[in-house]
Amino acid sequence: MSLFSRSSGSSRRSRRDGAPLADRLDALARAADALAPVAPGGDVSAAQEVVGRIDRRRALSAEHTVVGLFGATGSGKSSLLNALVGQEVTRAAVRRPTTSAPVAAVFGGAGSDPLLDWLEVEDRHHLPGDSGLVLLDLPDLDSVELGNRAIAERLTGLVDVLVWVTDPQKYADAVLHQDFVQPFAGHDAVTVLVLNQIDRIRSAEREGVLASLEQLARRDGLERAPVLGVSAETGEGIEPLRDLLTEVASGREAVASRHRADVRAAAESLRSAADPAGLPARSAEAQVSELVDDLAVAARVEPVASAVGGSYRHRAAGRVGWPPVRWLRRFRADPLARLGLGRERADEQVHRSSLPEADPATRARAAGGVRRFADAASAGGTDPWRAAIRTAARSREDELPDALDQAVAGADLRSREASWWWPVLDVLQWLALLTAVVGLGWLAANAALAFAGIPPLPLPMLEGLWIPVPLPTALIVLGLAAGLLLGLLGTALAALAAAARTRRARRLLRERVAEVADSLVVREVDEELRLAAGAATDLALAHGE
């Protein structure tokens with residue numbers, strides 16, 4: 001409800017305005033800082049300027065309310081000021097422009113000088129009274145003198161109450177409404193529209209003209225700002241306007257109302273530039289999991305995990321395979337050794353692995369994974385925030401290849417660990433081989449003895465079989481069969497254990513890739529999301545929600 005509405009109560013204003021002004025001002029400052037890398041610089045600078053301006057104004061006189069009379073050439077601001085104070089304090093003339101510097105009429109001068117110094121108003125007229133009302137006659141908004149217009153534009157942001165003065169000829173002027181009134185939409189509590197020179201309008205037409213000006217004001221975003229018709233020449237409507245402004249000054253509410261409106265407008269401007277609403281507080285677990293999937297491909301987790309299983313089978317074959325052919329494995333390199341992994345090092349430094357450089361498709365998968373993660377995490381956000389989150393996600397992208405390689409190379413893959421059953425099968429294999437060798441040696445010895453004409457060793461026969469079998473032959477068959485079966489058993493056990501090692505390596509490597517993803521991508525994105533959430537909260541507070 002407007003400050004100028006006689007029925008407005010302080011309790012209703014408090015409910016409407018929300019948190020104390022100091023809290024809202026701090027929230028706006030924090031939001032501007034958070035949005036500085038995201039929003040266009042002009043909007044952030046404007047918000048920061050609002051914070052600085054309000055801080056400065058609050059440090060000056062709280063006993064004075066500054067009312068600025070703004071209008072186009074010929075609207076009669078100077079005459080209106082003279083009529084309001086009851087004497088001529090500013091020159092009104094036919095020659096345009098008439099006012100080239102602000103003129104102040106001060107009711108209650110004690111303590112007003114620092115305030116007027118800040119406003120850069122040199123021409124001051126101290127009048128009887130203690131209301132604290134300071135009326136400013138300002139240069140024309142459409143002055144041909146650019147310096148005069150600049151003064152008026154600057155003071156639109158500094159005064160406590162805005163009085164837009166127009167006349168029957170220019171009350172619908174597009175420049176006045178679009179360039180000056182509309183930017184202060186939402187400042188109803190500290191805005192008055194005055195149609196001066198109403199005496200020039202026929203009595204029967206005045207109500208319609210005032211209604212038209214009020215309609216324009218509502219269209220400009222001033223939903224409750226009062227619209228008054230006056231005549232500085234005849235004095236019509238001057239007394240109600242004077243009473244209104246005096247009441248505003250006496251109530252000491254205008255300064256705070258203007259500041260609340262400025263903070264709200266700055267918050268709306270920042271929202272329009274880069275609204276942080278709609279973003280999650282942090283990235284979702286499913287999104288992180290998809291990122292890890294993509295980076296795991298880039299880190300070649302699957303080839304390394306498979307190499308871990310292959311290395312286990314390779315080493316198992318050297319311990320549980322048939323002894324006569326174990327030497328053949330030397331012609332095959334350990335799969336982990338080919339990748340430069342699993343070797344004992346003299347120092348603790350983790351060297352780069354010998355994994356082949358990622359091909360373009362793999363690199364694209366990693367880059368695409370980072371991009372998809374950023375897009376998923378920022379879904380629902382505005383374009384500036386989505387761009388900021390993409391930038392955050394890729395801020396350390398150059399570190400990813402080496403970090404992923406180090407994560408793989410430094411993983412504790414337990415590549416040199418043996419299984420408890422290796423020595424068991426190894427002993428059994430040698431026993432089986434020894435059995436076959438004994439049988440073969442027995443037969444060979446008998447053949448040699450027979451060749452030399454010496455009686456051969458006795459050959460016990462194994463009865464009860466399909467056919468009787470000499471014991472040496474049975475030993476040969478038993479040793480060879482046992483070696484074969486033990487080899488098959490070792491191969492099967494090695495395959496099962498290798499599969500378990502592969503799964504463990506895959507899990508371990510993925511965990512290390514997840515740590516890299518978290519430190520180089522996820523944390524950066526989550527920090528940006530945290531800033532966005534904080535900015536959204538601060539903007540809501542600054543807006544008075």
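Mentor: Start with a definition: rings of Phe, Tyr and Trp (its six-membered ring) pair if their centres lie within 6.5 Å; planes under 30 degrees apart count as stacked, over 60 as edge-to-face and the rest as tilted. This is a predicted model, where local features need pLDDT of at least 70, side-chain atom pairs count only at pLDDT 80 or more, and totals for chains, interfaces and linings use all residues. Residues are numbered from 1 along each chain as its sequence is written, and side-chain values use heavy atoms, with hydrogens and water left out.

Trainee: Okay. How many aromatic pairs does the structure hold?
Mentor: Four. Take Phe70 and Trp164: the ring centres are 5.5 Å apart and the planes sit at 45°, so this pair is tilted. Phe70 is in strand E1 and Trp164 in strand E5, 94 residues apart. Strands (E, at least two residues) and helices (H or I, at least four) are DSSP runs, numbered from the N terminus.

Trainee: Is Phe70 buried or exposed?
Mentor: Buried, with a relative accessible area of 0%. Buried means under 20%, exposed over 50%, partly exposed in between (1.4 Å probe, protein chains only). Trp164 is buried too, at 2%.

Trainee: Which other ring does Trp164 pair with?
Mentor: Phe184, in a tilted pair with 6.1 Å between centres and 50° between planes. Phe184 lies in the loop between helix H7 and strand E6, so the pair ties together parts 20 residues apart in sequence. Ring pairs link Phe70, Trp164 and Phe184 into a cluster.

Trainee: New topic. How many salt bridges are there?
Mentor: The structure holds 32. A salt bridge is a side-chain nitrogen of Lys or Arg within 4 Å of a carboxyl oxygen of Asp or Glu. One of them joins Glu527 and Arg530, with the closest N and O atoms 2.6 Å apart.

Trainee: Where are Glu527 and Arg530?
Mentor: In helix H18, three residues apart, which means about one helical turn separates them. Glu527 is partly exposed at 35%, and Arg530 is partly exposed at 48%. Elsewhere, salt bridges with shared partners join Glu49, Arg53, Arg258 and Asp262 into one network.

Trainee: And Lys170, what does it bridge to?
Mentor: Asp142, with the closest N and O atoms 3.7 Å apart. Both residues lie in loops, so the pair ties together parts 28 residues apart in sequence.

Trainee: Last one. What does His259 touch?
Mentor: Leu21, Ile54, Arg57 and Arg58, leaving out residues up to four places away in sequence. Contact means heavy atoms within 4.5 Å. His259 is in helix H10, and it is buried at 5% relative accessibility.
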